[in-house]
Amino acid sequence: MATGVAAWLPFARAAAIGWMPVANCPMPIAPRDNSKKQDELIILNVSGRRFQTWRTTLDRYPDTLLGSSEKDFFYNEETKEYFFDRDPDAFRSILNFYRTGKLHYPRHECISAYDEELTFFGIIPEIIGDCCYEEYKDRKRENLERLQDDQEENKDLKQSNLNFRETMWRAFENPHTSTLALVFYYVTGFFIAISVITNVVETVPCGSTTNQKDMPCGERYTVAFFCIDTACVMIFTVEYLMRLFAAPSRYRFMRSVMSIIDVVAILPYYIGLVMTNNEDVSGAFVTLRVFRVFRIFKFSRHSQGLRILGYTLKSCASELGFLLFSLTMAIIIFATVMFYAEKGSSSSKFTSIPASFWYTIVTMTTLGYGDMVPKTIAGKIFGSICSLSGVLVIALPVPVIVSNFSRIYHQNQRADKRRAQKKARLTRIRIAKSSSANAFLQGKRNGLINELLELTGTDNDDQKLIRTISLLESQHHHLLHCLEKTTAHEFVDEQMYEQNCLETALQTYPSHSPSIASQDSPVVSCCGCGAKRNAPLPNASLPPANPIPTHHHQGPLQELSALHIQSRDPLSHTTSRSKLNLKTDDSNRINCKSGRITTAIISLPTPPALTPDGDGLHGPLQRRVPLPPGRPAAPSIQTTTSSAETNIVKVSAL
Amino acid sequence: MLSAIWETEGLQTVGIVVLVFASIKLLHILGLISFSEDSVEDELELSAVRHRPEGLEQLEAQTRFSRKELQILYRGFKNECPSGVVNEDTFKDIYAQFFPQGDASTYAHFLFNAFDTDHNGSVSFEDFVMGLSILLRGTVQEKLIWAFNLYDINKDGYITKEEMLDIMKAIYDMMGKCTYPVLKEETPRQHVEVFFQKMDKNKDGVVTIDEFIDCCQNDENIMRSMHLFENVL
């Protein structure tokens with residue numbers, strides 16, 4: 001629609017009167033403009049900066065946020081303005097779009113921030129004006145590449161369960177993934193170097209013994225060189241076949257440049273093997289040996305710089321083509337001129353125009369061998385013009401190629417830098433995540449303490465130590481809490497989890513008597529490793545020698561929401577299995593109710609006041625002082641055991 | 001002998017040098033190459049003329065628009081043409097945006113001429129507003145006169161068949177190709193015949209302004225459609 005020129009619509013309609021006398025049929029009825037309100041000023045308050053514009057300006061683009069009724073959601077009744085909590089700088093260009101019909105991309109803006117603003121206001125980026133569109137697209141492409149690189153790196157990390165073939169392929173493509181791959185990488189590199197050096201040394205004349213002529217080393221030590229060559233070709237063949245086997249798409253692999261180089265590098269050897277007996281084609285065989293030099297290209301797998309160079313040349317193909325074409329033109333022109341200029345001179349070397357090509361090329365590239373020189377004055381004049389123009393013609397496409405190379409090279413540098421910083425980045429991310437998880441556990445603990453303190457009505461100094469958390473946090477924690485209740489599992493931190501896993505793994509050994517903890521494993525948190533046993537254990541013997549794993553607090557941030565503090569009482573061995581069962585049931589029931597036990601016993605590094613028996617829980621605690629049952633003085637523990645001397649004090653946060 | 005060789009060679013050289021310079025001079029004379037950079041800038045036209053309209057009160061007096069309406073009109077006008085005048089190309093662009101399917105440039109040309117009352121090649125805001133005043137707030141008589149002026153391309157007071165044919169073709173061009181029923185070659189011509197049959201009372205092949213006005217006033221359809229766009233602004 002002609003929204004850009006909406007202001008001229010009344011004019012176009014008025015000019016339609018010019019058709020009326022010509023028309024033969026009656027005209028349709030014009031639509032009535034019912035909303036006869038006057039054009040009014042709208043105030044748009046964007047984070048405090050007030051923009052004002054006419055309503056009709058905004059109505060020009062009815063499929064955007066500001067042009068449609070969607071903006072009513074942002075209307076503030078008291079101040080009679082539309083309030084948007086967005087970036088006022090970016091809003092400027094958006095409002096200008098309504099005014100002028102052209103969307104501009106401000107260069108200092110971050111591309112993703114700008115994109116977000118556009119999406120928020122319902123404007124598609126494709127309508128960015130021509131003046132800014134290129135810049136926008138370039139920045140967007142850069143950003144995408146960066147994201148893709150990140151994704152690829154993540155993909156590298158994530159794949160853990162590949163089959164053998166895929167592992168092999170990955171090892172070939174990224175040698176730094178495993179040690180074996182690295183070894184293979186260096187070995188092949190070494191053999192490529194050996195092969196190339198052998199080829200070179202083969203032709204060096206070794207010292208002559210009894211012959212008059214110096215023989216090249218290759219003919220003197222034929223067997224040795226043959227053996228080395230065979231060994232190298234063996235290695236290369238094996239490598240090629242392995243790559244072929246491991247390639248995800250064999251057809252595509254066979255078509256790729258590197259595989260063709262591989263084939264060309266090893267083929268001469270095999271052809272030579274087949275053809276050694278045939279004397280006629282030995283000349284051709286010798287020529288084939290030239291292809292052995294292609295082995296040096298195999299180094300490009302090992303060197304990134306070579307790869308970049310190759311890629312640059314490929315991407316600058318048009319510039320190179322232009323260079324070639326202009327050079328050819330210049331060569332032909334100057335060769336012709338030189339030929340005719342030198343025609344008069346008697347013993348000139350410029351016998352024909354093609355013969356002059358050599359002179360022109362040598363002159364234009366400023367080589368100047370001196371085997372062909374003009375002798376006439378005209379020839380010398382044109383020769384000098386030729387050399388001057390040669391410098392210019394060659395210098396022209398070079399900056400383009402150089403800038404391409406620089407761009408690609410810097411891209412690669414950036415990728416390498418990011419890979420190097422990846423480790424630090426990942427650590428940062430992990431710390432951030434774990435700190436938020438810890439915050440939840442801490443908050444849960446604090447919340448429970450708060451509740452308990454409220455319940456018991458004590459008003460001691462402990463309350464001061466509890467960090468007050470914001471409403472947002474408390475609601476978030478409540479949400480996580482609900483999840484815990486839903487799944488009947490709890491969140492714990494990493495160390496706890498690992499210990500639990502370790503313990504349950506240990507408990508598969510029949511030598512240990514089962515710990516009570518494993519019986520209560522439904523209450524213990526997300527122990528994903530196997531042995532979660534709900535059923536009571538056949539072994540009725542008592543509290544095991546090994547401590548409850550939950551006691552192993554180490555490190556500063558051990559927030560444990562469920563502790564099973566087993567106080568070992570060497571005297572009481574009478575707890576029968578049934579009793580244990582009872583307790584299990586009891587505890588389960590208690591867990592589901594939220595009535596009785598509401599606190600967590602925490603082990604904090606510093607404040608001892610929070611723990612009821614403050615001393616008891618620091619450090620690795622193996623045994624506890626047995627609490628007399630029903631001790632009322634400790635406000636934060638309520639023992640669940642009733643009768644047995646073995647006090648299984650289970651304090652859970654549930 | 002050496003001097004002989006030098007003579008021939010020297011002559012050769014001189015001849016070649018003279019030839020080269022003559023060819024360069026020839027190219028320069030032909031204008032294909034220029035040695036100074038200033039000539040490029042001479043070709044640039046002076047940047048667009050800035051135009052400021054007459055005051056609001058004067059326009060209010062001259063046209064039948066209220067102050068507010070003039071304000072709205074001017075804001076729209078200046079938004080599209082910040083320099084204050086519309087030249088024919090801009091006019092064609094703007095008008096073409098309303099008729100994306102066809103080619104509105106010919107009709108826009110005629111329209112431009114109708115608005116450009118002082119024929120200076122550009123439509124200023126005053127021209128614009130005067131024309132709109134007639135079209136939207138004028139009497140039927142004035143509107144018909146305006147339409148007559150539009151059809152009368154050479155402004156000689158008579159509408160000939162050729163002029164009418166041009167106008168008709170321009171109007172049909174705006175329809176574009178994809179119409180139903182399909183536009184045929186002779187459709188404009190037929191339409192012109194119908195028009196002339198209606199308008200040309202004395203069958204002299206031209207339509208004068210009186211014939212035109214009389215005929216239109218007797219035609220109900222036309223009369224009704226004249227009032228169609230009255231509430232546009």
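Predicted model: local features only at pLDDT ≥ 70, side-chain atom pairs only at ≥ 80, totals over all residues.
View 1. Of the 233 residues in chain B, 38% are buried, where buried means under 20% relative accessible area. Chain B holds 12 helices and 4 strands, which are DSSP runs numbered from the N terminus (helices are H or I with at least four residues, strands are E with at least two). When contacts (heavy atoms within 4.5 Å) in chain B between residues at least 6 apart in sequence are considered, 57% join residues at least 24 apart.

**View 2. Spans of chain B annotated as EF-hand.** An unreviewed UniProt entry gives the annotation "domain: EF-hand" to residues 103-138, 139-174 and 187-222 of chain B; such annotations may be inferred rather than shown by experiment, and their positions follow the numbering used here, with feature names shortened. Residues 103-138 of chain B are 67% helix and 8% strand, with end C-alpha atoms 29 Å apart. For residues 187-222 of chain B, the span is 72% helix and 8% strand, and the end C-alpha atoms lie 21 Å apart.

**View 3. The surroundings of Asn199(A).** Asn199(A) sits in helix α7 of chain A, which covers residues 179-202, and Asn199(A) is buried, with a relative accessible area of 15%. Apart from neighbours within four places in sequence, Asn199(A) is in contact with Arg292(A), Val293(A) and Arg295(A).

**Notes.** Residues are numbered from 1 along each chain as its sequence is written, and chains are lettered from A and ligands numbered from 1 in the order in which they are written. Local features need pLDDT of at least 70 and side-chain atom pairs count only at pLDDT 80 or more, while totals for chains, interfaces and linings use all residues, and side-chain values use heavy atoms, with hydrogens and water left out.

Key
Buried < 20%, exposed > 50% of the residue type's maximum accessible area, 1.4 Å probe, protein only.
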